[in-house]
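Have the viewer open as you read along.

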Amino acid sequence: MEAPIYLDHHATTPLDPRVLEGMLPYLREHFGNTASRNHVFGRTAAAAVEEARERVARAIGARPADIVFTAGATEANALALRGLAGGEAPHLVTTAIEHRSVLDNARRLEREGWALTVLPVDGHGCVDPERLQAALRPQTRLVSVMAANNEIGTLQPLAALGAIVRGSQALFHVDATQALGRVPLDVEVAGIDLLSLSAHKAYGPKGVGALYRRRRPRRVALTPLYEGGGQEDGLRPGTLNVAGIVGMGQACELAVHEMASEAPRLRALRQRLLARLEAALDGLRVNGHPEQRLAGSLHLSVDGIDADALLRGLDEVALSAGAACSSGLVKPSHVLQAIGATGTAPAATLRLCVGRFNTEAEIDRAAARIVQRVQDLRAHARSDRGG
Ligand SMILES: *Cc1c(COP(=O)(O)O)cnc(C)c1O
């Protein structure tokens with residue numbers, strides 16, 4: 001078997017070697033605790049964390065003091081939702097296609113007495129700004145909408161949504177995990193009060209992320225998820241993951257510099273992959289928005305195929321597959337259900353996402369393997385039916 005081809009960049013991305021290089025000194029000689037202000041080890045670590053904070057802030061048009069480092073976007077989302085004080089009969093608005101770490105915390109708030117509105121999306125996975133407008137109430141405390149979807153790659157009209165939230169009393173939270181390094185992000189342009197990021201979806205290390213929390217002109221008041229120390233403005237107690245934070249800063253720096261050249265390259269690779277699959281296979285449908293989407297992301301429904309069977313014979317290509325059929329044992333994801341991309345006839349979905357280190361040769365080989373596997377399964381199904 002040749003080396004496997006990684007096309008699952010929505011799940012995680014490889015660590016960029018330049019990021020690793022930047023991290024290594026903080027795993028070796030610069031091992032200090034940032035809280036040790038009285039000696040050079042601590043001060044070196046603290047200086048590195050502050051530089052990383054500047055880099056993360058720059059990637060989203062924020063100020064360094066607005067950045068709270070966390071253990072990832074799951075924690076950042078939890079802090080954004082559950083760290084907010086409710087007030088009188090608080091109301092939360094979110095969407096049907098959010099990541100579990102938003103939806104599960106939203107349900108938790110609902111159990112604790114918040115009113116919850118889950119906005120539907122259209123067939124492309126877009127939130128309609130007019131629906132958001134109509135959902136707002138005087139008690140709406142928070143509107144939480146993701147920037148880019150981790151399954152179908154659809155981008156939301158953040159500036160339009162943000163303008164609506166700005167006209168209300170509510171705060172605007174954006175889970176920008178999939179957008180970091182892939183599309184421009186600016187908390188001022190979109191009127192964002194809280195924004196979640198993760199390093200490992202942008203060629204940084206796993207286990208580190210950040211929450212942007214607006215401090216000006218109006219400071220968003222948050223309470224920490226747990227107690228235990230004064231780190232990160234009291235919002236995230238515990239010794240800082242210095243090497244991870246340095247890596248996140250480095251990943252953000254690279255993202256800012258390379259996005260403009262990387263996005264067209266990824267778009268071309270994705271088009272190449274799709275063209276090869278479409279040329280050889282019928283019964284394919286592309287899910288998500290045709291233009292308002294992440295450049296490298298490709299989500300397909302494939303008729304007449306079982307997702308598990310497909311994956312079993314596809315060792316050389318790392319992708320994510322699921323069901324598009326509502327009658328089988330494995331149910332379609334909440335995202336596919338929300339966009340109505342489900343049916344009763346057997347169909348598999350393929351989530352593919354090309355990334356920074358994929359080559360044209362890999363795309364061609366991956367396409368050939370997928371085509372072969374789908375054709376084999378369909379031929380089997382025909383012979384089982386005696387056709
Ligand atoms: C991966 C992901 C998360 C969770 O991030 P972790 O850092 O892995 O906890 C949250 N939201 C979206 C949209 C994601 O893709």
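## Cysteines

A disulfide is counted here when two cysteine sulfur atoms lie within 2.5 Å of each other. By that cut-off, the structure holds 0 disulfides. C252 is in no disulfide, and the nearest cysteine sulfur, that of C353, is 17 Å away. C353 is in no disulfide either; the nearest cysteine sulfur to C353, that of C126, is 17 Å away.

This is a predicted model, where local features need pLDDT of at least 70 and side-chain atom pairs count only at pLDDT 80 or more, while totals for chains, interfaces and linings use all residues. Residues are numbered from 1 along each chain as its sequence is written, and side-chain values use heavy atoms, with hydrogens and water left out.

Helices (H or I, at least four residues) and strands (E, at least two) are DSSP runs, numbered from the N terminus. Buried means under 20% relative accessible area, exposed over 50%, and partly exposed in between, with a 1.4 Å probe and protein chains only.

In a regular strand, side chains alternate between the two faces of the sheet. Strand 2 (residues 67–70) is covered on both faces: I67 and F69 are buried on one side, V68 and T70 on the other. Strand 2 pairs with strand 8 (residues 209–213) in the antiparallel sense over 4 bridges, where pairing takes at least two DSSP bridges. Opposite I67 stands Y212 in strand 8.

## Around helix 2

S36 sits in the loop between helix 1 (17–27) and helix 2. With a relative accessible area of 19%, S36 is buried. Leaving aside neighbours within four places in sequence, S36 is in contact (heavy atoms within 4.5 Å) with G42 and R43.

F41 belongs to helix 2 (residues 40–59) and counts as partly exposed, at 40% relative accessibility.

## Backbone features

Most residues other than glycine have a negative phi, and most peptide bonds are trans. Where does A89 lie? A89 is in the loop between helix 3 (73–82) and strand 3 (91–95), and its phi is near 40°, a positive value in a residue other than glycine. A89 counts as exposed because its relative accessibility is 54%.

Y203 is not a glycine, yet has a positive phi of about 65°. Y203 lies in the loop between strand 7 (194–198) and strand 8 and, at 4% relative accessibility, counts as buried.

The peptide bond from R216 to P217 is cis, with omega near 0°. P217 is found in the loop between strand 8 and helix 7 (242–280).
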